[in-house]
Structure formats: structure tokens, C-alpha cells
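Hi,

Here is the structure I promised to pass on. Please have a look at it first, and then read on for what turned up.

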Amino acid sequence: MTTDKVALLVGTGVVSFALSYAGAAVGLILGHLRLPLLVYTLGSPIAGASTNLAVSGAGAVAGAWKHVREGRVSGTVMLLMGLPSVVGSAAGVVFFVSVDLFWSHLAIGAMLLISGVGLLRSKKDGEPGGGLPDRWVIPAEVGIGFGLGILAAVTGLMLGTMRLPMMIRWLKVDPAVAVGSNMLIGCLTAVTAAGTAFLAGGGLDPVALLIVGPPTILGSYLGAKLTGKLSKEKLKRMVGGIVAVTGVFMCGQAGQHALRRPPK
């Protein structure tokens with residue numbers, strides 16, 4: 001690996017520290033902002049996506065451990081949503097060789113934007129909400145977990161930004177518990193997808209993981225400490241703001257992919 005690439009990876013590590021610190025407070029690692037840097041540095045979308053998942057998974061370990069220790073992880077949510085997500089991530093690597101990034105990023109970005117704005121405008125506790133009927137909660141948890149697991153493997157992202165608003169708004173999970181459970185689910189999903197991709201020859205770059213991983217882990221651990229200090233309403237609004245901004249960013253990425261398409 002050249003000196004220039006190492007320097008770019010070190011810079012990516014610094015950026016990743018800041019992203020994981022800001023994101024871990026609301027149960028996210030913000031790997032979608034790291035992904036373009038890794039793809040550019042490694043010169044391969046496949047290597048960038050696989051390495052990004054591995055870095056996100058490693059970063060989420062520290063934050064998830066902190067959330068587990070402080071009681072912000074639900075065993076029921078892990079069983080109904082986390083396990084299907086892990087299975088879906090392995091299936092996504094095995095059965096989906098390629099995906100049109102324009103449509104995947106556009107669809108994900110639009111959904112994130114809608115979800116984020118919805119959380120920002122959500123009613124205070126005690127007011128009528130928009131949760132799912134009780135009979136649909138368990139099927140929804142399983143379906144969301146499995147579907148987002150597949151998408152995570154395909155896009156190289158943990159997609160916690162999609163899972164988290166669904167948990168808070170649709171499934172009515174307490175925001176602090178949703179934050180902790182979401183990070184642990186993302187961690188297990190990313191590690192499974194990255195490991196499956198590595199075994200399948202998916203281009204995981206170990207040097208990039210060694211350089212970018214440690215600062216991501218540190219930022220995640222420090223950021224997770226903030227969660228318990230935030231009120232439920234403030235936490236919900238922080239989630240909404242970050243998710244909405246993420247949606248705008250991913251829609252912009254979809255536009256970039258569209259412009260780079262070769263003319264038919």
C-alpha cells in the first residue's frame with residue numbers, strides 16, 4: 001500500500017472518529033458518510049463496502065457494550081429484530097451480487113428523510129401517537145430486521161438510520177432502549193455481513209480496517225456515554241435531525257450515481 005493511501009486512510013480514521021462519536025449518542029455509527037471515502041481510497045466499490053461494514057461493526061462493538069452495561073438493550077427486540085437482521089445480512093451477501101446504487105440510495109435516502117422529519121414533528125409523550133396495532137408489532141419487527149439485514153449487505157451500510165426511527169415511531173420502543181438495541185443489532189449485522197463477504201472473497205481490506213477501525217471504536221465508546229445524559233424528547237429530536245440529514249445526503253449520492261451512468 002502506498003504512502004498516499006495510508007495518509008488517506010489516516011484522514012478517514014480521523015473523520016470516522018468524529019462520526020462515530022456524534023452518532024453513538026443516538027445509536028448510530030454514520031458509516032454512510034465514511035463509505036465514499038473508503039471506496040475512493042481503496043479504488044473499489046466492493047472493497048469499500050466490505051471494509052466499511054467491518055469498520056462500522058468494530059466501531060459499534062464499543063458503543064453497544066456501553067449500552068448493554070447501562071441497561072439500554074432489549075432482549076425481546078434483539079430476538080425479534082436482531083436475529084432476523086443477522087440472517088438477512090448473510091443472505092444478502094450470498095444471494096445478491098450487485099445492486100443498482102442509484103435506486104437503492106434514492107429509496108433509502110427518501111425514506112430516511114421522511115422518517116427523520118416525522119420524528120422531529122412527533123408528538124410529546126402522552127399525546128396520541130402513530131404506532132402500529134399490537135397484532136402487527138411482532139411481524140413488523142421480524143420483517144424490518146430481515147429486510148434491513150439484506151439491504152445492509154447489499155449497500156455496505158449498517159442502516160441503523162433506517163431501523164432506529166422505525167423502532168421509536170412505529171414500534172413505540174423507548175428512545176434510549178431503541179438507541180442501545182439498534183447499535184447492538186447494527187454491530188451484529190455488520191460483523192456477519194463483513195465476515196461472510198470476506199469468506200466469499202468480497203474484498204475486505206485488513207490494512208484499512210486496522211487503520212480506520214481503532215479511532216471508530218474509541219469515538220463510539222465515548223459517544224455512547226452521552227445517551228444516558230439526554231432527555232427522551234431531546235434524544236428523539238437528535239435522532240430525527242441526524243436521520244433527516246442522512247436522507248438528504250443519500251439522495252445526493254443517488255444523484256451522483258445517476259450522473260456517472262454511461263449513456264445507453
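N52 sits in helix 3 of this predicted model. Is N52 buried or exposed? Its relative accessibility is 0%, and because buried means under 20%, N52 counts as buried. Leaving aside residues up to four places away in sequence, N52 touches G31, R34, L35, L38, G156 and L157. One of these, L157, lies 105 residues from N52 along the chain, yet the C-alpha atoms of the two are separated by 7.2 Å.

Helix 3 itself covers residues 45-69, and its axis comes within 8 Å of the axis of helix 9 (residues 206-224). How are helix 3 and helix 9 oriented relative to each other? The axes cross at roughly 30 degrees, and the two helices are therefore roughly parallel. Their crossing is right-handed. On the side of helix 3, the contact is made by T51, A54, V55, A58, G59, A60, A62, G63, K66 and H67, while helix 9 brings in A208, L209, V212, G213, T216, I217, S220, Y221 and A224. By class, that contact has 11 nonpolar, 7 polar and 1 charged residues.

There is another helix pair to look at. Helix 7 (residues 160-170) packs with helix 8 (residues 175-199) at an angle of about 145 degrees, and their axes are 9 Å apart. This crossing, too, is right-handed. Helix 7 contributes G160, R163, L164, M167 and I168 to the contact, and helix 8 contributes P175, A178, V179, S181, N182, I185, G186 and T189. Sorted by class, these residues divide into 7 nonpolar, 5 polar and 1 charged.

Key:
Residues are numbered from 1 along each chain as its sequence is written. This is a predicted model: local features need pLDDT of at least 70, side-chain atom pairs count only at pLDDT 80 or more; totals for chains, interfaces and linings use all residues. Side-chain values use heavy atoms; hydrogens and water are left out. Axes are lines fitted to C-alpha atoms, for helices over the stretch in contact, and angles run from 0 to 180 degrees between N-to-C directions. Helices (H or I, at least four residues) and strands (E, at least two) are DSSP runs, numbered from the N terminus. Angles under 35 degrees count as roughly parallel, over 145 as roughly antiparallel, 65 to 115 as roughly perpendicular and the rest as oblique. A crossing is left-handed if the near helix is turned anticlockwise from the far one by less than a right angle, and right-handed if clockwise. Contact means heavy atoms within 4.5 Å. Ala, Val, Leu, Ile, Met, Phe, Trp, Tyr, Cys and Pro count as nonpolar, Asp, Glu, Lys and Arg as charged, and the others, Gly among them, as polar. Buried means under 20% relative accessible area, exposed over 50%, partly exposed in between (1.4 Å probe, protein chains only).
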